[in-house]
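Please find my notes on this model below, as numbered points.

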Amino acid sequence: MGDIKVEVISRDTIKPSSPTPTHLRHLQLSFLDQILTPTFIPIILFYPVEGDAKADHDKIQRSIWLKKTLSETLIRFYPLAGRVKDNLYIDCSDQGVPYLEAQVDCQLSDFTRHPDSMELNKFIPFAMDDVVDMVLAIQVNTFKCGGIAIGVCISHKVADAWSMVMFVNGWAAVARRDTGAVCPQFGLASLFPPINLSGFDPSTGITKEKIVTKRFIFSSSSVAALREKYADHSTAEDPPRRPTRIEALSAFIWSRFVAVSHGMADTERVCTMLHAVNIRPRMDPPLPENYFGNIIRFAAITPSMEDVKEGKWHALAKQMGEAIEKIDGDYIKKLREGIQHLNFLKERAEKFTKGEIDSFRFTSFCRFPVYEADFGWGKPIWVGSASLPFKNLVTFMDSGGSNEGGIEAWINAVEEDMAKFQGDEEFLSFASPT
(Lines give C-alpha, C1' and ligand atoms only; values in the text may rest on other atoms or scores of the structure.)
Protein backbone atom coordinates (compact mmCIF):
# COMPACT_ATOMS: atom_id res chain seq x y z
CA MET A 1 0.00 0.00 0.00
CA GLY A 2 1.22 3.50 -0.82
CA ASP A 3 1.67 6.54 1.39
CA ILE A 4 -0.85 6.76 4.23
CA LYS A 5 -1.74 9.67 6.47
CA VAL A 6 -1.57 9.19 10.23
CA GLU A 7 -2.66 12.28 12.16
CA VAL A 8 -2.01 12.62 15.90
CA ILE A 9 -5.15 14.01 17.53
CA SER A 10 -4.23 13.90 21.22
CA ARG A 11 -1.19 13.66 23.49
CA ASP A 12 -1.31 12.59 27.10
CA THR A 13 0.96 11.33 29.85
CA ILE A 14 -0.14 8.22 31.74
CA LYS A 15 1.14 7.70 35.27
CA PRO A 16 0.77 4.71 37.61
CA SER A 17 -2.65 4.71 39.27
CA SER A 18 -0.96 4.70 42.69
CA PRO A 19 2.40 6.29 43.57
CA THR A 20 5.53 4.17 43.46
CA PRO A 21 6.81 3.60 47.03
CA THR A 22 9.84 5.69 47.98
CA HIS A 23 12.12 2.66 48.45
CA LEU A 24 11.53 1.61 44.80
CA ARG A 25 12.29 4.97 43.20
CA HIS A 26 15.91 4.25 42.29
CA LEU A 27 16.46 1.21 40.05
CA GLN A 28 20.09 0.66 39.13
CA LEU A 29 20.85 -0.38 35.55
CA SER A 30 22.78 -3.60 35.11
CA PHE A 31 26.00 -3.92 33.12
CA LEU A 32 23.94 -5.60 30.38
CA ASP A 33 21.60 -2.59 30.29
CA GLN A 34 24.47 -0.12 30.20
CA ILE A 35 26.13 -1.57 27.10
CA LEU A 36 22.94 -1.70 24.99
CA THR A 37 22.34 0.91 22.31
CA PRO A 38 20.08 3.86 23.25
CA THR A 39 17.27 3.05 20.81
CA PHE A 40 13.67 1.95 21.05
CA ILE A 41 12.43 -1.58 20.38
CA PRO A 42 9.15 -1.28 18.44
CA ILE A 43 6.12 -3.52 18.11
CA ILE A 44 2.76 -2.75 16.48
CA LEU A 45 -0.32 -4.89 17.05
CA PHE A 46 -3.27 -4.72 14.65
CA TYR A 47 -6.83 -5.44 15.80
CA PRO A 48 -10.04 -5.42 13.72
CA VAL A 49 -13.07 -4.22 15.63
CA GLU A 50 -16.47 -5.67 14.81
CA GLY A 51 -20.11 -4.71 15.37
CA ASP A 52 -21.10 -2.03 17.86
CA ALA A 53 -17.48 -1.34 18.86
CA LYS A 54 -17.18 0.75 15.68
CA ALA A 55 -19.53 3.42 17.08
CA ASP A 56 -18.03 6.72 18.24
CA HIS A 57 -19.29 6.13 21.80
CA ASP A 58 -17.51 2.78 21.96
CA LYS A 59 -14.32 4.27 20.51
CA ILE A 60 -14.33 6.81 23.35
CA GLN A 61 -14.98 4.13 25.97
CA ARG A 62 -12.19 1.98 24.50
CA SER A 63 -9.78 4.92 24.66
CA ILE A 64 -10.67 5.60 28.30
CA TRP A 65 -10.30 1.90 29.15
CA LEU A 66 -6.88 1.55 27.53
CA LYS A 67 -5.56 4.56 29.46
CA LYS A 68 -7.08 3.36 32.73
CA THR A 69 -5.68 -0.15 32.44
CA LEU A 70 -2.27 1.12 31.33
CA SER A 71 -2.21 3.25 34.48
CA GLU A 72 -3.04 0.16 36.54
CA THR A 73 -0.41 -1.92 34.73
CA LEU A 74 2.28 0.65 35.49
CA ILE A 75 1.95 -0.13 39.21
CA ARG A 76 3.65 -3.48 38.53
CA PHE A 77 5.86 -2.17 35.71
CA TYR A 78 6.72 1.01 37.63
CA PRO A 79 10.20 1.63 36.07
CA LEU A 80 8.52 2.09 32.67
CA ALA A 81 6.96 5.32 33.92
CA GLY A 82 10.38 6.66 35.00
CA ARG A 83 13.37 8.22 33.26
CA VAL A 84 16.89 6.90 32.60
CA LYS A 85 19.62 8.93 34.28
CA ASP A 86 23.26 9.04 33.11
CA ASN A 87 23.18 5.42 31.87
CA LEU A 88 23.35 4.41 35.54
CA TYR A 89 19.83 4.11 36.94
CA ILE A 90 16.12 4.70 36.35
CA ASP A 91 14.50 7.48 38.35
CA CYS A 92 11.16 5.83 39.13
CA SER A 93 9.34 8.96 40.27
CA ASP A 94 6.24 8.36 38.14
CA GLN A 95 7.06 10.93 35.45
CA GLY A 96 4.69 9.00 33.19
CA VAL A 97 4.42 7.39 29.77
CA PRO A 98 3.84 9.52 26.64
CA TYR A 99 0.53 8.32 25.17
CA LEU A 100 -0.57 9.49 21.73
CA GLU A 101 -3.82 8.86 19.86
CA ALA A 102 -3.97 9.11 16.09
CA GLN A 103 -6.35 8.66 13.17
CA VAL A 104 -5.42 6.70 10.04
CA ASP A 105 -6.95 7.65 6.70
CA CYS A 106 -7.57 4.11 5.43
CA GLN A 107 -9.19 0.80 6.33
CA LEU A 108 -7.21 -1.57 8.52
CA SER A 109 -7.78 -4.44 6.08
CA ASP A 110 -6.38 -2.37 3.20
CA PHE A 111 -3.17 -1.72 5.11
CA THR A 112 -2.62 -5.22 6.51
CA ARG A 113 -3.32 -6.80 3.11
CA HIS A 114 -0.26 -5.08 1.64
CA PRO A 115 1.66 -3.45 4.51
CA ASP A 116 4.50 -1.13 3.62
CA SER A 117 7.37 -1.65 6.06
CA MET A 118 8.55 1.94 5.65
CA GLU A 119 5.11 3.29 6.63
CA LEU A 120 4.97 1.47 9.97
CA ASN A 121 7.05 4.07 11.79
CA LYS A 122 4.03 6.37 11.50
CA PHE A 123 2.23 4.11 14.00
CA ILE A 124 4.74 4.72 16.80
CA PRO A 125 5.23 7.96 18.74
CA PHE A 126 8.95 8.66 18.34
CA ALA A 127 11.87 8.09 15.98
CA MET A 128 13.73 4.92 16.93
CA ASP A 129 16.90 6.77 17.97
CA ASP A 130 15.04 9.61 19.74
CA VAL A 131 15.10 7.93 23.13
CA VAL A 132 16.86 10.55 25.28
CA ASP A 133 15.81 9.49 28.82
CA MET A 134 12.47 7.95 27.85
CA VAL A 135 11.62 4.38 28.88
CA LEU A 136 8.24 3.65 27.26
CA ALA A 137 5.96 5.41 24.77
CA ILE A 138 2.67 4.35 23.18
CA GLN A 139 0.55 5.41 20.21
CA VAL A 140 -2.98 4.08 19.63
CA ASN A 141 -3.99 4.45 15.98
CA THR A 142 -7.63 4.20 14.87
CA PHE A 143 -8.50 3.29 11.27
CA LYS A 144 -11.59 4.47 9.39
CA CYS A 145 -13.27 1.12 10.00
CA GLY A 146 -12.76 1.37 13.76
CA GLY A 147 -9.89 -1.11 13.82
CA ILE A 148 -6.84 -0.13 15.80
CA ALA A 149 -3.07 -0.52 15.79
CA ILE A 150 -1.31 -0.24 19.14
CA GLY A 151 2.26 0.95 18.65
CA VAL A 152 4.58 0.33 21.58
CA CYS A 153 8.22 1.35 21.80
CA ILE A 154 10.39 0.60 24.79
CA SER A 155 13.95 1.72 25.45
CA HIS A 156 16.59 -0.93 24.81
CA LYS A 157 18.37 0.61 27.79
CA VAL A 158 15.95 -1.11 30.13
CA ALA A 159 14.39 -4.01 28.24
CA ASP A 160 15.01 -6.74 25.70
CA ALA A 161 12.36 -8.01 23.29
CA TRP A 162 11.12 -10.65 25.75
CA SER A 163 10.64 -7.98 28.45
CA MET A 164 8.68 -5.80 26.03
CA VAL A 165 6.35 -8.66 25.12
CA MET A 166 5.97 -9.37 28.85
CA PHE A 167 4.77 -5.80 29.36
CA VAL A 168 2.37 -5.83 26.38
CA ASN A 169 0.81 -9.10 27.51
CA GLY A 170 0.68 -7.83 31.08
CA TRP A 171 -1.23 -4.71 29.97
CA ALA A 172 -3.56 -6.82 27.82
CA ALA A 173 -4.27 -9.14 30.74
CA VAL A 174 -5.22 -6.21 32.99
CA ALA A 175 -7.44 -4.80 30.21
CA ARG A 176 -9.41 -8.04 29.90
CA ARG A 177 -9.47 -8.42 33.70
CA ASP A 178 -7.39 -11.59 33.76
CA THR A 179 -6.44 -12.16 37.41
CA GLY A 180 -3.36 -14.11 36.34
CA ALA A 181 -1.55 -11.04 34.98
CA VAL A 182 2.23 -11.38 35.10
CA CYS A 183 4.21 -9.64 37.82
CA PRO A 184 7.70 -8.70 36.53
CA GLN A 185 10.83 -9.18 38.61
CA PHE A 186 13.39 -6.37 38.60
CA GLY A 187 16.87 -6.13 40.05
CA LEU A 188 19.18 -7.37 37.29
CA ALA A 189 21.98 -5.15 38.63
CA SER A 190 22.39 -7.56 41.56
CA LEU A 191 23.42 -10.25 39.07
CA PHE A 192 25.32 -8.06 36.58
CA PRO A 193 26.59 -5.04 38.54
CA PRO A 194 27.13 -1.82 36.58
CA ILE A 195 30.70 -0.77 35.79
CA ASN A 196 32.55 2.27 34.44
CA LEU A 197 32.12 2.27 30.64
CA SER A 198 34.91 4.79 30.04
CA GLY A 199 36.16 4.44 26.46
CA PHE A 200 33.05 2.66 25.18
CA ASP A 201 30.17 4.33 23.32
CA PRO A 202 26.94 2.26 23.41
CA SER A 203 25.69 4.26 20.39
CA THR A 204 28.24 2.57 18.10
CA GLY A 205 26.28 0.88 15.33
CA ILE A 206 23.52 3.45 14.99
CA THR A 207 23.82 4.80 11.46
CA LYS A 208 22.87 8.07 9.83
CA GLU A 209 22.83 6.39 6.41
CA LYS A 210 19.47 6.04 4.72
CA ILE A 211 18.13 2.65 5.77
CA VAL A 212 15.49 0.75 3.82
CA THR A 213 13.41 -1.86 5.63
CA LYS A 214 11.68 -4.64 3.75
CA ARG A 215 9.62 -7.57 4.99
CA PHE A 216 10.13 -10.96 3.37
CA ILE A 217 7.98 -14.00 4.12
CA PHE A 218 9.39 -17.50 4.30
CA SER A 219 6.55 -20.03 4.10
CA SER A 220 6.65 -23.09 6.35
CA SER A 221 7.66 -25.19 3.33
CA SER A 222 10.52 -22.79 2.47
CA VAL A 223 11.75 -22.92 6.06
CA ALA A 224 11.66 -26.72 5.99
CA ALA A 225 13.56 -26.74 2.67
CA LEU A 226 16.26 -24.46 4.07
CA ARG A 227 16.63 -26.58 7.19
CA GLU A 228 17.25 -29.55 4.91
CA LYS A 229 19.61 -27.55 2.69
CA TYR A 230 21.72 -26.61 5.71
CA ALA A 231 21.59 -30.05 7.37
CA ASP A 232 24.97 -31.66 8.02
CA HIS A 233 25.21 -34.64 5.67
CA SER A 234 29.00 -34.86 6.06
CA THR A 235 28.81 -37.15 9.10
CA ALA A 236 27.50 -40.64 9.70
CA GLU A 237 24.88 -39.26 12.05
CA ASP A 238 21.44 -40.59 11.17
CA PRO A 239 19.36 -38.58 10.78
CA PRO A 240 21.78 -35.70 10.06
CA ARG A 241 21.70 -32.70 12.39
CA ARG A 242 19.26 -30.16 11.06
CA PRO A 243 19.70 -26.55 12.13
CA THR A 244 16.87 -24.75 13.89
CA ARG A 245 14.54 -22.62 11.79
CA ILE A 246 16.33 -19.43 12.81
CA GLU A 247 19.82 -20.88 12.32
CA ALA A 248 18.91 -21.98 8.78
CA LEU A 249 17.29 -18.65 7.86
CA SER A 250 20.18 -16.66 9.35
CA ALA A 251 22.76 -18.69 7.43
CA PHE A 252 20.80 -18.35 4.20
CA ILE A 253 20.21 -14.59 4.49
CA TRP A 254 23.83 -13.93 5.46
CA SER A 255 25.22 -16.02 2.58
CA ARG A 256 22.98 -14.28 0.03
CA PHE A 257 23.85 -10.87 1.48
CA VAL A 258 27.57 -11.56 1.11
CA ALA A 259 27.03 -12.88 -2.41
CA VAL A 260 25.09 -9.87 -3.69
CA SER A 261 26.75 -7.06 -1.75
CA HIS A 262 30.42 -8.09 -1.84
CA GLY A 263 30.75 -11.00 -4.23
CA MET A 264 32.77 -14.07 -3.32
CA ALA A 265 36.17 -12.84 -4.51
CA ASP A 266 37.18 -10.94 -1.39
CA THR A 267 38.00 -13.84 0.91
CA GLU A 268 40.08 -11.54 3.15
CA ARG A 269 37.12 -9.36 4.09
CA VAL A 270 35.95 -9.91 7.69
CA CYS A 271 32.19 -10.50 7.55
CA THR A 272 30.64 -11.50 10.86
CA MET A 273 27.29 -12.83 12.07
CA LEU A 274 25.84 -11.90 15.44
CA HIS A 275 22.78 -13.57 16.92
CA ALA A 276 20.87 -12.37 19.99
CA VAL A 277 20.50 -15.11 22.62
CA ASN A 278 18.15 -15.06 25.62
CA ILE A 279 20.34 -16.08 28.57
CA ARG A 280 17.58 -16.47 31.18
CA PRO A 281 17.38 -20.27 30.75
CA ARG A 282 21.18 -20.55 30.34
CA MET A 283 22.05 -19.18 33.77
CA ASP A 284 22.79 -21.37 36.77
CA PRO A 285 20.26 -21.54 38.25
CA PRO A 286 18.01 -20.42 35.36
CA LEU A 287 16.25 -17.10 35.79
CA PRO A 288 12.43 -17.11 35.77
CA GLU A 289 10.74 -15.94 32.58
CA ASN A 290 9.31 -12.88 34.32
CA TYR A 291 12.78 -11.45 35.02
CA PHE A 292 12.79 -8.02 33.37
CA GLY A 293 15.72 -6.32 31.65
CA ASN A 294 18.34 -6.89 28.96
CA ILE A 295 19.06 -10.53 29.68
CA ILE A 296 20.59 -11.25 26.29
CA ARG A 297 24.01 -11.57 24.71
CA PHE A 298 25.17 -12.08 21.16
CA ALA A 299 26.66 -15.24 19.71
CA ALA A 300 29.29 -14.06 17.22
CA ILE A 301 31.04 -15.94 14.43
CA THR A 302 33.31 -15.11 11.51
CA PRO A 303 32.21 -17.59 8.84
CA SER A 304 34.75 -19.14 6.49
CA MET A 305 34.41 -17.50 3.09
CA GLU A 306 36.00 -20.58 1.58
CA ASP A 307 33.16 -22.74 2.93
CA VAL A 308 30.67 -20.31 1.43
CA LYS A 309 32.43 -20.31 -1.96
CA GLU A 310 32.53 -24.11 -1.97
CA GLY A 311 28.86 -24.41 -1.06
CA LYS A 312 29.44 -26.02 2.36
CA TRP A 313 26.19 -24.59 3.65
CA HIS A 314 25.95 -26.94 6.63
CA ALA A 315 29.27 -25.59 8.00
CA LEU A 316 27.81 -22.08 8.31
CA ALA A 317 24.67 -23.18 10.17
CA LYS A 318 26.68 -25.58 12.33
CA GLN A 319 29.13 -22.83 13.28
CA MET A 320 26.28 -20.55 14.35
CA GLY A 321 24.66 -23.34 16.35
CA GLU A 322 27.93 -24.07 18.15
CA ALA A 323 28.44 -20.38 18.95
CA ILE A 324 24.98 -20.22 20.52
CA GLU A 325 25.70 -23.35 22.58
CA LYS A 326 28.87 -21.71 23.94
CA ILE A 327 26.73 -19.13 25.71
CA ASP A 328 26.54 -21.39 28.74
CA GLY A 329 27.13 -21.23 32.48
CA ASP A 330 30.89 -20.67 32.13
CA TYR A 331 30.36 -17.88 29.59
CA ILE A 332 27.83 -16.17 31.87
CA LYS A 333 30.12 -16.49 34.89
CA LYS A 334 32.80 -14.49 33.02
CA LEU A 335 30.15 -12.09 31.71
CA ARG A 336 29.12 -11.23 35.27
CA GLU A 337 32.64 -9.94 35.93
CA GLY A 338 32.02 -7.30 33.25
CA ILE A 339 35.50 -5.96 32.48
CA GLN A 340 36.65 -8.74 30.13
CA HIS A 341 33.46 -8.49 28.09
CA LEU A 342 33.66 -4.69 28.02
CA ASN A 343 37.21 -4.88 26.61
CA PHE A 344 35.93 -7.27 23.93
CA LEU A 345 33.16 -4.81 23.03
CA LYS A 346 35.62 -1.91 22.87
CA GLU A 347 37.84 -3.87 20.48
CA ARG A 348 34.88 -4.76 18.23
CA ALA A 349 33.58 -1.18 18.29
CA GLU A 350 36.98 0.15 17.23
CA LYS A 351 37.17 -2.29 14.29
CA PHE A 352 33.58 -1.48 13.32
CA THR A 353 34.27 2.27 13.39
CA LYS A 354 37.36 1.81 11.21
CA GLY A 355 35.36 -0.24 8.72
CA GLU A 356 37.49 -3.35 9.31
CA ILE A 357 34.53 -5.62 9.96
CA ASP A 358 31.12 -5.92 8.34
CA SER A 359 28.54 -7.26 10.78
CA PHE A 360 25.14 -8.75 10.07
CA ARG A 361 22.95 -8.98 13.17
CA PHE A 362 19.96 -11.20 13.80
CA THR A 363 17.31 -11.08 16.48
CA SER A 364 14.12 -13.10 16.81
CA PHE A 365 10.61 -12.69 18.21
CA CYS A 366 9.69 -16.18 17.00
CA ARG A 367 7.78 -18.28 19.53
CA PHE A 368 7.29 -15.17 21.66
CA PRO A 369 3.59 -14.87 22.63
CA VAL A 370 3.03 -11.66 20.66
CA TYR A 371 -0.19 -13.02 19.17
CA GLU A 372 -1.61 -13.67 22.67
CA ALA A 373 -2.10 -9.98 23.50
CA ASP A 374 -5.89 -9.85 23.82
CA PHE A 375 -7.11 -6.54 25.31
CA GLY A 376 -10.68 -7.80 25.45
CA TRP A 377 -11.64 -7.62 21.78
CA GLY A 378 -9.69 -10.62 20.51
CA LYS A 379 -6.12 -11.39 19.55
CA PRO A 380 -4.23 -9.33 16.95
CA ILE A 381 -4.59 -10.38 13.32
CA TRP A 382 -1.05 -9.21 12.60
CA VAL A 383 1.96 -8.02 14.57
CA GLY A 384 4.63 -5.92 12.89
CA SER A 385 7.87 -4.12 13.60
CA ALA A 386 9.30 -0.87 12.17
CA SER A 387 12.34 0.48 10.37
CA LEU A 388 15.37 0.60 12.67
CA PRO A 389 18.47 2.83 12.44
CA PHE A 390 20.86 -0.07 11.99
CA LYS A 391 22.61 -1.29 8.87
CA ASN A 392 22.41 -5.04 8.20
CA LEU A 393 19.94 -5.99 10.92
CA VAL A 394 17.33 -8.75 10.58
CA THR A 395 14.37 -9.24 12.91
CA PHE A 396 12.48 -12.53 12.66
CA MET A 397 8.80 -12.71 13.58
CA ASP A 398 6.20 -15.45 13.30
CA SER A 399 3.77 -14.87 10.44
CA GLY A 400 0.11 -14.37 11.14
CA GLY A 401 -3.07 -14.67 9.08
CA SER A 402 -2.86 -16.65 5.85
CA ASN A 403 0.91 -17.08 6.29
CA GLU A 404 0.60 -18.76 9.69
CA GLY A 405 3.40 -21.24 10.25
CA GLY A 406 5.87 -19.20 8.25
CA ILE A 407 8.44 -16.65 9.37
CA GLU A 408 8.77 -12.98 8.46
CA ALA A 409 12.27 -11.54 8.05
CA TRP A 410 12.39 -7.78 8.53
CA ILE A 411 15.64 -6.75 6.85
CA ASN A 412 17.26 -3.34 7.40
CA ALA A 413 19.92 -2.42 4.84
CA VAL A 414 21.21 0.54 2.87
CA GLU A 415 19.28 1.27 -0.31
CA GLU A 416 21.92 -0.10 -2.71
CA ASP A 417 22.27 -3.43 -0.89
CA MET A 418 18.48 -3.82 -0.56
CA ALA A 419 18.05 -3.32 -4.30
CA LYS A 420 20.54 -6.14 -4.93
CA PHE A 421 18.80 -8.31 -2.36
CA GLN A 422 15.42 -7.82 -4.00
CA GLY A 423 16.87 -8.81 -7.37
CA ASP A 424 18.62 -11.97 -6.15
CA GLU A 425 16.90 -14.95 -7.77
CA GLU A 426 18.37 -17.45 -5.31
CA PHE A 427 17.02 -15.44 -2.37
CA LEU A 428 13.61 -14.97 -3.97
CA SER A 429 13.30 -18.69 -4.69
CA PHE A 430 12.73 -19.12 -0.93
CA ALA A 431 11.42 -15.70 0.21
CA SER A 432 8.40 -13.70 -0.92
CA PRO A 433 8.73 -9.90 -0.81
CA THR A 434 5.78 -7.91 0.53
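**Notes on helix packing, cavities and backbone**

1. Helix H6 meets helix H8 through Glu247, Ala251, Trp254 and Ser255 on the H6 side and Trp313, Leu316, Ala317, Met320, Gly321 and Ile324 on the H8 side, where contact means heavy atoms within 4.5 Å. By class, this contact of H6 with H8 has 7 nonpolar, 2 polar and 1 charged residues. Ala, Val, Leu, Ile, Met, Phe, Trp, Tyr, Cys and Pro count as nonpolar, Asp, Glu, Lys and Arg as charged, and the others, Gly among them, as polar.

2. This is a predicted model, in which local features need pLDDT of at least 70 and side-chain atom pairs count only at pLDDT 80 or more, while totals for chains, interfaces and linings use all residues. Residues are numbered from 1 along each chain as its sequence is written, and side-chain values use heavy atoms, with hydrogens and water left out.

3. H6 spans residues 245-261 and H8 spans residues 313-325; they pack at an angle of about 125°, with their axes 9 Å apart. That angle makes H6 oblique to H8. Angles under 35 degrees count as roughly parallel, over 145 as roughly antiparallel, 65 to 115 as roughly perpendicular and the rest as oblique. Axes are lines fitted to C-alpha atoms, for helices over the stretch in contact, and angles run from 0 to 180 degrees between N-to-C directions. Helices (H or I, at least four residues) and strands (E, at least two) are DSSP runs, numbered from the N terminus.

4. H6 also packs on helix H5 (residues 220-229): their axes come within 9 Å and cross at roughly 80°. H5 and H6 are therefore roughly perpendicular to each other. Val223, Leu226 and Arg227 of H5 make this contact with Arg245, Ala248, Leu249 and Phe252 of H6. The contact of H5 with H6 divides into 5 nonpolar, no polar and 2 charged residues.

5. What is the crossing angle of H6 and helix H11 (residues 415-422)? The two axes cross at roughly 110° and come within 9 Å. That makes H6 roughly perpendicular to H11. From H6, the contact uses Ile253, Arg256, Phe257, Val260 and Ser261; from H11, it uses Asp417, Lys420 and Phe421. By class, there are 4 nonpolar, 1 polar and 3 charged residues in the contact of H6 with H11.

6. How many cavities of 30 Å³ or more does a search of the whole structure find? The search finds 2. On a 1 Å grid over the protein atoms alone, a cavity is a set of points where a 1.4 Å probe fits but cannot get out, and a pocket is an open set with protein on both sides within 12 Å along at least five of seven lines; lining residues have an atom within 4 Å of a point. Grid points are joined across faces, edges and corners, and a volume is the space filled by probe spheres set on the points.

7. The second largest cavity holds about 30 Å³ of space. Its lining consists of Phe257, Ile411, Ala413, Asp417, Met418 and Phe421. Strand E15 (407-414) and H11 each supply at least two of the lining residues, and H11 has the largest share, with 3 residues. The lining of the second largest cavity divides into 5 nonpolar, no polar and 1 charged residues.

8. The largest cavity holds about 100 Å³. Of the 14 residues that line the largest cavity, Leu27, Asp33, Val158, Phe186 and Phe292 lie nearest its centre. The lining of the largest cavity has 9 nonpolar, 4 polar and 1 charged residues.

9. The second largest pocket contains about 400 Å³ of space. It has 19 lining residues, with Ile9, Lys59, Ala102, Gln103 and Thr142 nearest its centre. Strand E1 (6-14), helix H2 (56-76), strand E6 (97-104) and strand E7 (136-142) each supply at least two residues; H2 gives the most, with 7. This lining has 8 nonpolar, 3 polar and 8 charged residues.

10. Some backbone details deserve a check. The peptide bond from aspartate 284 to proline 285 is cis, with omega near 0°, and proline 285 lies in the loop between strands E10 (270-278) and E11 (296-301). Asparagine 87, although not a glycine, has a positive phi of about 55°.
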